[in-house]
Amino acid sequence: PRSDCIAAEQSCLLDSTCNATYRILENCALAKTRFLPLDHDSRVRCLNAELDLGNSSLLHCKCHRRMKRQEHCLRIFWTVHSSMTDGYFNLETSPYENPANEEHWKTDYNKLAALLSGKDCSQLAGDATNPCLKATHVCNLSKKCVRLRTDYASICTKGAGSEEMCDRRKCHRGLRNFFEKVPEDFTKRILFCPCQDELCGERRRKTIVPDCSFQYNTKPNCLWLLDSCLEDHICKSRLADFQQNCQPADMSPDGCSQHNHAACLQAYMGMIGTPMTPNYVSNSSVEVSLWCTCESSGNQKEKCDQILGMFESNKCL
């Protein structure tokens, strides 16, 4: 099994050769985050340092979505793989362990749903026609689910719609907390509840409090959104994970190159709470998009359309 990057870094630092190579890569990664242009010799030195790691556990380490010190782990991963991000949109490989290899937090959702059915019927009046409402009621039966949902809702609604702006960064952190720490049995049902009418669709669209987490006053260019994402270790990692697990394949019967829709939905959820937060575009469909436009993209229009298309016209998603 692959080691996690924090353990791999600790082993590397105890080995003088590996330590020296790793320090070179740290300088390479630092130059990139500061957008300092590397001359030819420096680029070669960085690439050679990556190759020198050979089969070390550091080169093959991964991170877990629910681990402590996740950001530190991701920083190590991108330090070792810094050559992959040289202004390149296709990040090629996800820093996250395959979901099948991760320990899943299973909750007996059906038992909770049965508990709910014994509750006062007046509370459930809208449930039959509104699966999103039912998913919320079930969340309310779990202390963790209701606490973290209340947390992000209160942060994301503070100042939204008034002249005082909401704190988008805190709102995003609250959303990530919710989707990382609450078992997927709850989060998937709240985010992907099947709707037949606009009332249900409206509730689903507002799950992430879009006024704060999703929308700006004006739509920024998608390339700006991408740049903001690539500067952030968590967002860059979630984007790489999304690209790997939601890669469309026209020739494939299910539209997915990985043939795993569950992994794609999990990767999509991982994008929520990052600078590239997606959401439903209306109350009457399941279409999703980023809050950005490709107008005024100049000679980078094709790249911009590619970014937007990963969400808007992705058969796998």
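Visitor: Leaving aside its neighbours within four places in sequence, which residues is F311 in contact with?

Guide: Contact means heavy atoms within 4.5 Å. On that basis, F311 touches F242, Y268, M271, M276, P278, V288, S289, L290 and L317. This is a predicted model, in which local features need pLDDT of at least 70, side-chain atom pairs count only at pLDDT 80 or more, and totals for chains, interfaces and linings use all residues. Residues are numbered from 1 along each chain as its sequence is written, and side-chain values use heavy atoms, with hydrogens and water left out.

Visitor: How many residues does the largest nonpolar core have?

Guide: In soluble globular proteins, nonpolar side chains tend to be buried together. A nonpolar core is a set of buried Ala, Val, Leu, Ile, Met, Phe, Trp, Tyr and Cys residues joined through side-chain atoms within 4.5 Å; buried means under 20% relative accessible area (1.4 Å probe, protein chains only). Here the largest core has 49 residues, and F311 is among those with the most contacts inside it. A second, separate core of 23 residues includes C5, L25, L53 and W78.

Visitor: At what angle do helices α4 and α13 pack?

Guide: Helices are DSSP runs (H or I, at least four residues), numbered from the N terminus. Axes are lines fitted to C-alpha atoms over the stretch in contact, and angles run from 0 to 180 degrees between N-to-C directions. Helix α4 (residues 70–80) and helix α13 (residues 233–245) pack at about 70 degrees, with axes 9 Å apart. That makes α4 roughly perpendicular to α13 (65 to 115 degrees).

Visitor: Which residues of α4 and α13 meet?

Guide: Q70, E71, L74, R75 and W78 in α4 meet H233, I234, K236, S237, R238 and A240 in α13.

Terms used: Helices (H or I, at least four residues) and strands (E, at least two) are DSSP runs, numbered from the N terminus. Angles under 35 degrees count as roughly parallel, over 145 as roughly antiparallel, 65 to 115 as roughly perpendicular and the rest as oblique. Buried means under 20% relative accessible area, exposed over 50%, partly exposed in between (1.4 Å probe, protein chains only).
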